[in-house]
Amino acid sequence: MDVSEGDHGTNDHHRGFLGREALELGTLLLAAGAAHLVVLSLGHSETGVRALIAVGLLLLTVSAAHRWHRYRAASASRHGRPDGGGAPAATTATGGPPTTAPSPSRLPDDLLWSVRVTVSDVPGGLAALTTRFAALGVDIRLMQVHPAGSDAVDEFFVSAPAHMGESALYTAVREAGGRDATVRRADVHELSDTTSRTLALVSALVNGATTLERSLLSLTAAQDVAHTERPPGDMAREDLSGTTMTLPAPDGGVLAVRRRGVPFTAVEFARCRALAHVASSLHARSLRG
C-alpha cells in the first residue's frame, strides 16, 4: 500500500454520510429508479417486453463470452502461450514440417551399472568423481564405502544414458583420479541397501527358502561358489585373498567363493562370514532336533 492510498483510500470510512457510503447509496437509488422507469415505460406493451427480454439475453451472452475469453487466456498463459490461441505451426528452413524433439517417454531407457573404484580416503576425495558423473548425466542411485587403510574402495550403482558404454565410464573414473576401476552391468535388485539385502537373506536361510551358496552369490555378485574338503592353496578355512574367499560350510568342508576381476574387500568378507555362521548355527540346531 502506498502513501496516497493510506491518506485517501482508507479514510472514506471516517467522512460520514458524504463519504463512500453516500456514493454507493446514490448509485443504488439511481439504478433502481432507472430500472423502474424502464419497466413502467416498456413493460405494459408487447414490444417493450420483447425489448427487455432481448436486452437481458444480450447482456447474458456478452457476459458469458467475456468469461470464456478470460478462461482461455488464463489457460493459455499457464501452458506458455500468452496469446491465448494455438501455437502457430513452425516450419523448417526447407518449408517442410518441423522436426520435434522426442519426448522423455520416447528416449531410450538408462542402463544400470556398478562402478567400483579405489580413491584416496581423504576429505573431498570423492568430489572430483561425483562432479564428473554429474557432468555426464550419470545419476548415482546407491553408494557403498569399503574402507581399506589409507584408501577406500567405493562402489557406485549408477544410472547412465543408454549411449554411454563401459569405456566411457572407465574414462570418467580415470579422469577423476580413480584407480583400479571395475565396471559391470548391474541388476535392479542390487539397488536395495546391503543391510536390507543381508537381513532378507538371513530370513530366507531361516525359512529354508534358499541355501548358503545362493545367498553368497547374491550378496557378493560372485560367479562361483565351490564346496571342497579343504581350502585352495595355502588359505585357511576362513580366509580372504584377492578375488577368492573361503568360508566354513555348514555340513563340513569349505566354501570357496570366487569373483572374476573384482577383489573382495574386508567389509564384504565380514558380511559373508556372518552369513556363514548363521547357516552353520541353523544346521547344528536341525541336527539336535
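Select serine 114 and glutamate 155 in this predicted model. Their side chains make a polar contact at 2.8 Å.

Stay on serine 114 and color by secondary structure. Serine 114 lies in strand S1, residues 111-120. Its relative accessibility is 2%, so serine 114 counts as buried, the cut-off being under 20%.

Next, select residues 194-207. This is helix H6, with 14 residues. From first C-alpha to last, H6 reaches 20 Å, close to the 20 Å expected at 1.5 Å a residue.

Which residues of H6 are buried? Pick Thr194, Arg197, Thr198, Leu201, Ala204 and Leu205. Turn the view to look down the axis of H6. The buried residues fall within an arc of 120 degrees, so they line one face of the helix. An α-helix has 3.6 residues a turn, so residues three or four places apart point the same way.

Keep the buried residues of H6 selected and bring up what covers them. The cover includes strand S2 (139-148). Helix H7 (212-220) and helix H8 (266-288) are also part of that cover.

Last stop: glycine 208. Glycine 208 follows H6. Check its backbone: phi is positive, near 75 degrees.

Terms used
Residues numbered from 1 in each chain as written. Predicted model: local features only at pLDDT ≥ 70, side-chain atom pairs only at ≥ 80, totals over all residues. Heavy atoms only, no water. Helix = DSSP H or I, 4+ residues; strand = E, 2+ residues; numbered from the N terminus. Expected span 1.5 Å × (residues − 1). Buried < 20%, exposed > 50% of the residue type's maximum accessible area, 1.4 Å probe, protein only. Arc of directions from axis to C-beta. Contact = heavy atoms within 4.5 Å. Polar contact = N/O pair within 3.5 Å; in protein donor to acceptor, adjacent residues only side chain to side chain.
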